[in-house]
Amino acid sequence: MSTLKRTLAILVLAMGPHLSAFSQTIATLPVDGAVLSYREYGKGDPLVIVGGLAGVSGDYLVSLAEEFGKRYRTFLIDMRGTGGSSIIRLDSGNVNARSVAADLETLRGHLKIKQWIVVGHAWGGTVALNYAGLYPRGIRGLLLVGPTGIDLRFFDYYNLNIGARMTREDSTLFNQWRHVGRWSPQRPKAKLEQFRAMLGGYVVDRKVLPALRSAINEHTYISAVAEVYWTAFIDHSPPLHDILPSFTAPSLIIQGDKDPVDKRTADRIRKPLKVARYKEIKACGAFPWLEQPKEFWSTANVFLKNLRK
């Protein structure tokens with residue numbers, strides 16, 4: 001991708017989907033316990049993207065969806081409780097990785113798609129792994145971009161890695177909001193600003209930070225929803241090791257070498273995913289399509305092309 005195209009992709013991310021230069025369709029679908037909102041781009045073989053930052057809508061992935069949409073019929077969902085996807089109640093029984101996996105399967109059936117390619121980023125990778133284990137027949141190929149774990153062990157180093165990679169400026173921004181109490185009306189604003197500060201620990205190329213921080217705002221991030229997703233994952237998620245061996249479609253993990261979820265997470269994912277390939281991208285954090293787009297798209301396109309054979 002040229003420097004100009006890369007700059008345009010970052011600008012589209014910053015502006016949000018409403019100023020997108022690419023054609024998209026926005027639709028909703030009633031699902032069990034929620035209403036799912038999704039966007040559709042392009043034509044071709046079907047592909048669905050599951051966003052990665054728990055509690056965040058799919059807006060930050062618009063440039064990724066548009067690039068996939070040049071070759072594939074691409075769907076970008078808002079996970080339940082985020083963006084345009086509403087919920088009937090906010091609790092860990094209704095808002096969790098497996099409920100989003102069920103939403104994906106309901107959407108696939110609604111669209112009458114026999115199989116599709118599933119792309120999961122970060123936390124969306126954990127959702128995609130749940131989907132692969134529970135509904136393996138619906139997946140033609142699985143592309144995981146910096147996925148979080150199949151168990152809780154990645155927490156042993158995840159926050160430490162973020163803290164070590166945050167600059168003094170990032171830490172100052174984070175600490176400005178530490179005094180806000182749990183029941184303060186400013187708590188949602190505080191959690192948002194702290195999350196935006198922490199993004200400094202997710203990237204190597206800090207030129208992408210302004211766009212990322214702009215895309216994650218009071219309209220696209222709901223801290224209460226994020227907390228429920230993580231609570232469900234920590235307290236209630238059954239282990240994935242038992243169900244993933246049933247998934248045999250081709251799979252690829254792409255990860256930046258400075259992604260805070262760390263290569264150890266990918267190594268643990270690959271054990272039950274016996275056909276998983278792994279590609280590490282150097283000088284890159286958690287957003288490789290923005291930080292190292294040329295290598296990211298070269299790797300992803302080879303994998304996707306081979307699915308057609």
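K112 counts as exposed because its relative accessibility is 74%, where exposed means over 50% relative accessible area, buried under 20% and partly exposed in between (1.4 Å probe, protein chains only). K112 sits in the loop between α3 and β6, and its phi is near 60 degrees, a positive value in a residue other than glycine. The model is predicted, so local features need pLDDT of at least 70 and side-chain atom pairs count only at pLDDT 80 or more, while totals for chains, interfaces and linings use all residues. Residues are numbered from 1 along each chain as its sequence is written, and side-chain values use heavy atoms, with hydrogens and water left out.

**Other single residues**

- A122 also has a positive phi in a residue other than glycine, near 55 degrees.
- A122 is found in the loop between β6 and α4 (123-134), and A122 is buried, with a relative accessible area of 11%.
- Helices (H or I, at least four residues) and strands (E, at least two) are DSSP runs, numbered from the N terminus.
- E105 belongs to helix α3 (residues 97-110) and is buried, at a relative accessible area of 19%.
- Leaving aside neighbours within four places in sequence, E105 is in contact (heavy atoms within 4.5 Å) with Y131 and Y135.
- E169 lies in helix α6 and is exposed, with a relative accessible area of 52%.
- From C-alpha to C-alpha, E169 and W116 are 42 Å apart in space, and they are 53 residues apart in sequence.

**Aromatic rings**

- The structure holds 20 aromatic pairs; rings of Phe, Tyr and Trp (its six-membered ring) pair if their centres lie within 6.5 Å, and planes under 30 degrees apart count as stacked, over 60 as edge-to-face and the rest as tilted.
- The rings of F75 and W116 have centres 6.2 Å apart and planes at 55 degrees, so this pair is tilted.
- This pair links distant parts of the chain, 41 residues apart: F75 is in strand β4 (residues 72-78) and W116 in strand β6 (residues 116-121).
- Both F75 and W116 are buried.
- One aromatic cluster is formed by W123, F154, F155, Y158, Y202, Y229, W230 and F233.

**The largest pocket**

- The largest pocket has a volume of about 550 Å³.
- On a 1 Å grid over the protein atoms alone, a cavity is a set of points where a 1.4 Å probe fits but cannot get out, and a pocket is an open set with protein on both sides within 12 Å along at least five of seven lines; lining residues have an atom within 4 Å of a point.
- Grid points are joined across faces, edges and corners, and a volume is the space filled by probe spheres set on the points.
- The lining of the largest pocket has 28 residues, and the closest to the centre are Y158, F195, M198, Y202 and W230.
- This lining divides into 18 nonpolar residues, 7 polar and 3 charged; Ala, Val, Leu, Ile, Met, Phe, Trp, Tyr, Cys and Pro count as nonpolar, Asp, Glu, Lys and Arg as charged, and the others, Gly among them, as polar.
- At least two lining residues come from each of α5 (155-165), α7 (187-198) and α9 (223-235), and α9 gives the most, with 5 residues.

**Helix α7**

- The buried residues of α7 are R187, A190, L192, E193, Q194, F195 and A197, and what covers them includes α6 (168-175), α8 (209-215) and α9.
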